[in-house]
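Keep the structure in view as you read.

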Amino acid sequence: MSSRRSASPGPLAGTGSGPVAVLVVTWNSAEVLPGFLASLPEGMAGLDWRLVVADNDSADDTVEVIRSLAPDTTVVQTGRNAGYAAGVNAALAAAAGWEGGFRAALVCNPDVRMREGCAKLLVDALGGTDPGGGRVGISVPLLYEEDGRTLLHSLRRESSVTRALGEAVIGNRRAGRFPRWSELVTDPAAYERDTVTDWATGALMALSGECLAACGPWDESFFLYSEETEYCLRARDLGFVTRLEPAASATHLGGDSRVSPRLWALLTVNRVRLYRRRHGLAATTAFRAAVLLRESSRAALGRPASLAAARALAGGSAPHGAA
């Protein structure tokens, strides 16, 4: 099944001798931006870098905050709430127009706070090889919750029917220690070493210019959620691996998909949509049924987010914004 990846013309030529491009997509982000901007010098220490912000038609003071606190930033106004992938593509296109281009990109949420030297560790990890022979095209750090101490399980395995069933029957955190039974990686050892993973949450990731040039734009048909999954899997298909750099770390203030029924429904529906892109109808039917079992069982326990997801799956329709 074909997919619409981007409206941008041609491949993204990310290779060059220029700085590291720090790419941020904003939408009504005025509240979290000052902290993000204040953390950049420490987080980007040791690198030549430039900031690009793609704003998806914020109704608050997001653009004014950027221009006031970081006047040298390249600001791209998309003119609409175009979605995360479209924002990333708009920021990439702007950075590709710099004289000399850029040598790597750092894609990050505005609610991320990098710790000292985080970005350099991620960028330095790019281009290496893993024992399986894959090139490191995407590197990710350890992510911590807002308290700065609680580790987020940010590594993921590719979706499968057995993993969806494992999560439905025994829960993703308990099943996460067993590669066959969960998409979520919860084994503590995996977060203590350079771990190659199928994909990782997209709050903060470094991408090599070579990977960007080979993969092209992010898939804009995913308005929000699963766009980073699709990109990591597409990169893997082309010989680039996603690898954890455990010496690099950051705090992520987000996580509203856990409590918002609309966002959890969107996340769940997009998981099934992406699975359908990569598998046949029979396998997708089984996968959808397993995911529906998980959400329905949790909805029966009184979880509103799971109820919204189960309704969206059972009705065969995506929540607003799923595109």
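## A salt bridge inside one helix

R234 and E230 form a salt bridge, with their closest N and O atoms 2.9 Å apart. A salt bridge here is a side-chain nitrogen of Lys or Arg within 4 Å of a carboxyl oxygen of Asp or Glu. R234 and E230 sit four residues apart in helix α8 (residues 227-237), so about one helical turn separates them. Helices are DSSP runs of H or I with at least four residues, strands are runs of E with at least two, and both are numbered from the N terminus.

R234 is buried, at 5% relative accessibility. E230 is buried too, at 7%. Buried means under 20% relative accessible area, exposed means over 50%, and partly exposed lies in between (1.4 Å probe, protein chains only).

The model is predicted: local features need pLDDT of at least 70, side-chain atom pairs count only at pLDDT 80 or more, and totals for chains, interfaces and linings use all residues. Residues are numbered from 1 along each chain as its sequence is written, and side-chain values use heavy atoms, leaving out hydrogens and water.

## Bridges across the chain

How many salt bridges does a search of the whole structure find? It finds eleven.

One of them joins the side chains of E158 and R278, at 3.2 Å from N to O. This pair links distant parts of the chain, 120 residues apart: E158 is in the loop between β7 (155-156) and α5, and R278 is in helix α9 (residues 261-278). E158 is buried, at 15% relative accessibility. R278 is partly exposed, at 31%. Both residues also belong to a network of salt bridges that links E158, D198, R236, D237 and R278.

E183 pairs with R271 in another salt bridge, the closest N and O atoms being 3.1 Å apart. E183 lies in the loop between α6 and β8 and R271 lies in helix α9, so the bridge ties together parts 88 residues apart in sequence. E183 is buried, at 7%. R271 is buried as well, at 16%.

## The second largest pocket

The second largest pocket holds about 150 Å³ of space. A pocket is an open set of points on a 1 Å grid over the protein atoms alone, where a 1.4 Å probe fits, with protein on both sides within 12 Å along at least five of seven lines; lining residues have an atom within 4 Å of a point. Its volume is the space filled by probe spheres set on the points, which are joined across faces, edges and corners.

Which element gives the most to the lining? α1 does, with four residues. α1 (33-43) and β2 (49-55) each supply at least two. Among the lining residues are L37, P41, W49 and R50.

## A nonpolar surface patch

L165, V169, I170, F178, W181 and L293 make a nonpolar surface patch of about 540 Å². Helix α5 (residues 161-170) gives the largest share, three residues. Patch residues have over 30% relative accessible area and no salt bridge; like charges are joined within 9 Å, and nonpolar side chains (Val, Leu, Ile, Met, Phe, Trp, Tyr) within 5 Å. Areas come from the Shrake-Rupley method with a 1.4 Å probe; for residues, only the protein chains shown count as cover.

W181 is in the loop between α6 (172-175) and β8 (196-197). W181 is partly exposed, at 36%.

## Two loop residues with positive phi

N28 is not glycine, yet its phi is positive, near 50 degrees. N28 sits in the loop between β1 (20-26) and α1. N28 is partly exposed, at 32%.

D57 is another residue other than glycine with a positive phi, near 60 degrees. D57 is in the loop between β2 and α2 (62-69). D57 is partly exposed, at 45%.
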